[in-house]
Amino acid sequence: MPTTIERMDVFSLPTIALRGLTVFPNIATSFDVTRKISIDAIESALAGDSSVFIVTQRDVSVEKPQRSDLFDVGIIAKIKQSLKLPDNQYRVIVEGVGRAELIDIREGSPIVANVVRKEIELADETGGLRGEALIRSANDALREYLKYSQKLSSDVMMAIGAIRHPGFLADFITANIGLRYTDKQSLLDEFDPMRRLELLTLILEREIEVLRLENRINKKVKDKLDRNQRDYYLREQMKVIQNELGQKDELYSDVDELAERMEKAALPAEIEEKLNMQLNKLEKLPFGSSEAAIVRSYIDTCLDIPWGKRTVDRLDLKAAEKILNDDHDGLDKVKERILEYLAVKTLSPDLKGQIICLVGAPGVGKTSIAESISRALKRKYVRISLGGVRDEADIRGHRKTYIGSMPGRIINALIQAGSMNPLIVLDEIDKLTHDSHGDPSSALLEVLDSEQNKAFRDHFIELPVDLSDCIFIATANTLETIPRPLLDRMEVVRIQSYTRAEKLRIANNHLIPKQLKRHGLTKRNLRFRDDAILSIIDDYTKEQGVRNLERELAAVCRKCAKKLADGTVKSMTVKKTDLFGLLGKVKYKREELEAEGTVGTVNGLAWTEVGGELLKVEALAFDGTGKTELTGSLGDVMKESARAAVSLIRSRSEDFAIKDKNFYKDKDIHLHFPEGAVPKDGPSAGIAITTALISELSGIPVRRDVAMTGEITLHGKVLPIGGLREKTSAAAASGVHTVIIPKANLDDLDEVDDEVKSRVTFVAAETIDDVLSVALVKADGAAGETKPVYTVPDGCNTENGTSAVLR
């Protein structure tokens, strides 16, 4: 079909952005204008020739549209009539002049758009034979569509029948039926009249299929409602007949049963009043209705809560202490905290429950100590696993109006315990997550607030529940993932890693008896020598807790049980030399000390997720241009420690007996931390890095039996560190005789294991000079003997005036 295309020049018009409404050319449309930018556009147009550009927004929720928020095609229209309404609003009637393509806009109030008006005219106004066919198809589709949708007035239908222009027919039909605004926009975007009418027919056909399906669904719903009403009528008749015969239906028996339970339960007045209202409501509901099931389930759940039931605490401190000590070795801080609570409870019986968070590595006994605490206090024990919980409803419950709703985990814990003052373990509280359903950590804020949990309201129960008598013990591996407001509500007790000696006691007192019983063995037919247990600890496990130790002991028990069962032996004593045949080759090899003092190599100490580690620090200097290379998967903090060490050495090169004073120009320095695949970071390697560099640049070797930990400043001061207990245990296990620690960490020596103290000499260092006086050595002529380069400074003394070298 031949066409002619007419293009008009680009011009600017005030712009009205409509939401959910599409205006078409040659059709009068009325709408209200409330936004200031649109009101300014109308007033600007009325001040001129009443021309305005009207375009539809892509997203109706956008209040201040940008260019990307507007469709690409709108219409140029004339304002035919405007009426100013109260509150500075307008009601306008506009008539479209023609389609226009939006080029760009000038943001402001009003919005001004640069547009190009486009028209495609048919050589034959009616479109010829193809146009006539499209008009008939569109009219047929419209009549079928109106069978399922709203009816059009006879005037509109007559007007549609009289239109012979394909493009105008498509616009007129679209403007008068209830299509989605996105579908209307797709028709407005089409400039070709023939294609526009064809597109309209396709959209109508699709809407017809959707409306047919919708009608079928509605009919099924209506039929079901009719059946429900019939069933209700018959049930009411049956109820009357049963009453006349002196019989009661199942609903009445349920009501009587619930009423009897309410009489026996010691319900608070507010709770009893609410449940009586629900019981009266249940009596009036038809049996079998969904609402009756919801009300019955609600009353059942409320009566399951142990209102007024409490256990009596064991206030015998000696008995409680004996239970805690029998169940666990170590964990002194946790035991002390519980005994303090019991002591205060003895003096003040009204003391409310405690909220404690136990933080420690996996396998150190956080959950098991909580269970022991419940036994010591004679309280019911309930554990709630919070790992991976992401829905607030898991804590607060679901609204009872929802199908399948239920109370949250806190209320379920009370029901499970059968007591209003249980010990509730919130396990893995650091592994809570959240999504669009809410944040469970926020819901826990009320639960763990001693001022608010006396009237905790679950969404399902909707009644105040007193949680103030409960003891909450949360467990976590780290505090970093716990939200700060939640952490603020808990008393944090850190559980340190077990030392080698503690693991030996735990294995002998707890793990081995447990595994012997599990595998059907006794101490008569299977024994463990201490050297075998220590070898398993050192060579087959690498952890802060004892979980893997228990697994290895279980593996030994299985191997021995097999030999005992097939009659190979009658009894066994497991020694260190037997482990290779039972557990295979050694899994973890400890870092060994150098055979003699080495230049540029220092024994550092590090804290890791599996405990303390001896960490070698190697330095190498060679001819170059002053570059510094750092390798070994170092983090930013350790890299900064290395830079600080280089700057300190440059500033005091003469004091440190550096041979080449221009080493920072003439030498390249390479610092390496072995085991490069393991990431390393933390503020405790400064003095080890500095000592290694000074040793390498001065040629003075470092004592092989010395290890050190501490951070360094640019002026040579030694800063305190953490993890001293774990680091010193690793040093002792590796055969180190002397450990240099920051002077500020002297008070932390109380936490170091007594066995480590008996095997290691601790040197308190306040400056890098104190470190070098112990670490750097030179041969004095006797084989294997060394002496310090520096003397111990007088200022490095303890408070009692003795030497800083401590046993």
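This is a friendly dialogue on reading a predicted model, feature by feature.

Me: Let's begin with the sheet that contains β8. In what order do its strands lie, and is the pairing parallel or antiparallel?

Reply: To read a sheet, list the strands by who sits beside whom. Here five strands form an open sheet in the order β9-β10-β13-β8-β14, and the pairing is parallel.

Me: Which strands stand at the edges?

Reply: An edge strand is found by counting partner strands. β9 (381-385) and β14 (491-494) each have a single partner strand, so one side of each is left without a neighbour in the sheet. From one strand to the next, the twist averages 25°.

Me: How many bridges link β8 and β13?

Reply: Five bridges, in the parallel sense, pair β8 (residues 355-359) with β13 (residues 471-476). To see one of them on your screen, pick Leu358, whose bridge partner in β13 is Thr475.

Me: And which strands does helix α11 touch?

Reply: For a helix on a sheet, look at the contacts and then at the direction. Helix α11 (residues 332-347) packs on this sheet and touches β8, β13 and β14, with its direction at about 140° to that of β14. Helix α12 (residues 366-377) lies across β8, β9, β10 (423-427) and β13. The direction of α12 runs at about 165° to β13.

Me: Where would I look for the side chains of a strand?

Reply: As a general idea, side chains in a regular strand alternate between the two faces of the sheet.

Me: Now a single residue. Is Leu448 buried or exposed?

Reply: Relative accessible area is the value to read, and buried means under 20%. Leu448 has 1%, so this residue is buried. Leu448 is found in the loop between α15 (440-447) and β11 (456-457).

Me: Which residues does Leu448 touch?

Reply: Leaving out residues up to four places away in sequence, Leu448 touches Ile355, Leu426, Ile429, Phe472, Leu486, Arg489 and Met490. Take Phe472 as a case of sequence distance against space: Leu448 and Phe472 are 24 residues apart along the chain, while their C-alpha atoms are separated by 7.6 Å.

Me: Which residues make the nonpolar surface patch?

Reply: Leu213, Ile217, Val221 and Leu225 make a nonpolar surface patch of about 350 Å². Leu213 is found in helix α6 (residues 193-244). With a relative accessible area of 43%, Leu213 is partly exposed.

Me: Let's turn to β17. How many of its residues are buried?

Reply: Strand β17 (residues 601-608) is mostly covered, as six of its eight residues are buried.

Me: What are the pairings of β17 with β18 and with β21?

Reply: Read each neighbour in turn, noting direction and bridges. With β18 (residues 611-623), β17 pairs in the antiparallel sense over eight bridges. With β21 (residues 706-708), β17 runs parallel, and two bridges join them. There, Asn603 has Ala707 in β21 as its bridge partner.

Me: How many salt bridges does the structure hold?

Reply: The structure holds 40 salt bridges. In the one between Arg58 and Asp72, the closest N and O atoms are 3.7 Å apart. Arg58 and Asp72 both lie in the loop between β4 (51-56) and β5 (73-85), so the pair ties together parts that are 14 residues apart in sequence. Arg58 counts as partly exposed at 38% relative accessibility, and Asp72 counts as partly exposed at 39%.

Me: Which other arginine forms a salt bridge with Asp72?

Reply: Arg67 does, with the closest N and O atoms 3.0 Å apart. Arg67 counts as partly exposed too, at 25% relative accessibility.

Me: What does the salt bridge between Arg206 and Asp183 tie together?

Reply: Start with the distance: the side chains of Arg206 and Asp183 meet at 2.6 Å, N to O. Then check the elements: Arg206 lies in helix α6 and Asp183 in helix α5 (residues 181-189), so the pair ties together parts that are 23 residues apart in sequence. Arg206 is partly exposed at 35%, whereas Asp183 is buried at 9%.

Me: Which residues do salt bridges with shared partners join into one network?

Reply: Glu144, Lys147, Glu209 and Arg212 are joined in this way.

Terms used: Residues numbered from 1 in each chain as written. Predicted model: local features only at pLDDT ≥ 70, side-chain atom pairs only at ≥ 80, totals over all residues. Heavy atoms only, no water. Pairing = 2+ DSSP bridges. Helix = DSSP H or I, 4+ residues; strand = E, 2+ residues; numbered from the N terminus. Axes fitted to C-alpha atoms, helices over the stretch in contact; angles between N-to-C directions. Contact = heavy atoms within 4.5 Å. Buried < 20%, exposed > 50% of the residue type's maximum accessible area, 1.4 Å probe, protein only. Patch = residues over 30% accessible without salt bridge, like charges linked within 9 Å, V, L, I, M, F, W, Y side chains within 5 Å. Areas by Shrake-Rupley, 256 points an atom, 1.4 Å probe, with all protein chains shown as cover. Salt bridge = Lys/Arg side-chain N within 4 Å of Asp/Glu carboxyl O.
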